[in-house]
Amino acid sequence: MDRDVVERARSGDQEAFADLVHQISDTLLGVARRILRDPTLAEDVLQNALVTIWRKLPHLREADRFEGWAFRILVHACYADAPRNRRWASAIRVLHPDVASDVDDIQKIADRDELERAFRRLPLDQRAVFVLHHHVGLPLVAVAETLGIPDGTARSRLHYATRTLRAAFEQARAAQDLREGRPA
Amino acid sequence: MNDKRDFDRAVDRWLDDGSDATPPEVINAVLLAVRSTPQERDFRVPWRNTAMASYLRPAAVIALAVIASTAAIFTFGLGGSGIGQTGATPSPSPVLLARGSFVEHDWGLVEFEAIREGSSVTGRMTLAERDDGFGPITVDLLCTRETDDGIVMIGGYVTVGNQFIVPGTPGWVAVERGSPDKASVNFGSPMGVPATQTTDCRANLDAWLQHYRRGGYTLPLSVLDGGVEFGP
């Protein structure tokens, strides 16, 4: 992130902020989409978060920390907007027959659907840690710093999220083996 | 081992699924909203008139002397009245925790005095009114935390504020034991700390300390134009 652009946006330059939006919006949308599991809701949340970022920019102390600060505002926007939305609780994925052309594809789709269902059951705070760590690639210390939580809390949220997803994944594999007559 | 690799691969595939390209209409809506959305003003308005500091310094010294003598009268009492009137249990003697008068880069002229009595703290911090219209701010000091590296944080709540720092906002001053010329002043709570936590004076100081530690640095103390005196 260009420090100079952040500094200019912080002092009220709307063109500089437009540059920032173009630089960071895809990354932020990716995080919101993965936490919320709903592209339309993620776009709404991104929009709210970006306006909040603009409003609060003068409070940002160090321009170098802009990205982590923006992630934090985005995650809080996800927390704020998700409870109002109920669609993601019952979304169903449609399997297209032409996609699932062989056993491997069927297995991949089954894995993905099982992970999806398990992830939707996770609380948002566990989802946020999982996405920032696995998708954005932040080390756990940085995840904790970004979310303003202790390292131990971040570690524990990641542990519970991973455990839930792994259990779902293993269950899907066992069911697939059973269908294909393979011993468990 | 294979299971773990399979799981990791499945998670990667699932996380990589889909496009993250922001639709242009979302970006346009944001930029349109920004045009009519004012930015919030930062609490820490830069100190612009350093000449003011030297002008105010004699007044600050006098004000500090008045505060100190008033505090002494209240804490030690006149003619044996006041503290200990009930005579029930002897309480620990009040001692000076720290006091100072200095010009801080962001806040301007700051004066404070904190008296420790047992585990509690009493005292006051004032930020003088500046020529740009910011201030005055008064904070009632109520609690303290001392770090292993000798930084003393003294916290409390704003009693006289303005539109940016409203009464009830937590505020603190941090000074370094052994250094008469380093301090820092701030208000509010670090982002991410629940608002309820700020009703606990010491929890708020802890939250700030944790915030700085997580960032990998200690409290950012500045060298002052002025000084700090420590109690025993």
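This is a predicted model: local features need pLDDT of at least 70, side-chain atom pairs count only at pLDDT 80 or more; totals for chains, interfaces and linings use all residues.

The axes of helix H1 (residues 3-10) of chain A and H2(A) lie 7 Å apart, and the packing angle is about 130°. Angles over 145 degrees would count as roughly antiparallel and those from 65 to 115 as roughly perpendicular; H1(A) and H2(A) are therefore oblique to each other. On the H1(A) side, the contact is formed by Val5(A), Val6(A), Arg8(A) and Ala9(A), and on the H2(A) side by Ala16(A), Phe17(A), Asp19(A) and Leu20(A). Sorted by class, this contact of H1(A) with H2(A) comprises six nonpolar and two charged residues, with no polar ones.

The pair belongs to a chain built with nine helices and zero strands, so that the pattern along the sequence of chain A reads α-α-α-α-α-α-α-α-α. Of the 184 residues in chain A, 35% are buried. Among the contacts in chain A with a separation of 6 or more, 64% join residues 24 or more positions apart.

Attention now turns to the contact between the chains. Chain A contributes 38 residues to this contact and chain B contributes 31 residues. On the side of chain A that touches chain B, at least two residues come from each of helix H2 (14-36), helix H3 (39-56), helix H6 (103-121), helix H7 (124-136), helix H8 (140-147) and helix H9 (151-179). H2(A) provides the largest share of that side, with 10 residues. By class, the side of chain A that touches chain B has 16 nonpolar, nine polar and 13 charged residues.

Conventions. Residues are numbered from 1 along each chain as its sequence is written. Chains are lettered from A and ligands numbered from 1 in the order in which they are written. Two residues are in contact if their C-beta atoms, placed from the backbone, lie within 7 Å. Helices (H or I, at least four residues) and strands (E, at least two) are DSSP runs, numbered from the N terminus. Ala, Val, Leu, Ile, Met, Phe, Trp, Tyr, Cys and Pro count as nonpolar, Asp, Glu, Lys and Arg as charged, and the others, Gly among them, as polar. A residue is buried if 20 or more other C-beta atoms lie within 10 Å of its own, exposed if 12 or fewer, and partly exposed in between; C-beta atoms are placed from the backbone. Axes are lines fitted to C-alpha atoms, for helices over the stretch in contact, and angles run from 0 to 180 degrees between N-to-C directions. Angles under 35 degrees count as roughly parallel, over 145 as roughly antiparallel, 65 to 115 as roughly perpendicular and the rest as oblique.
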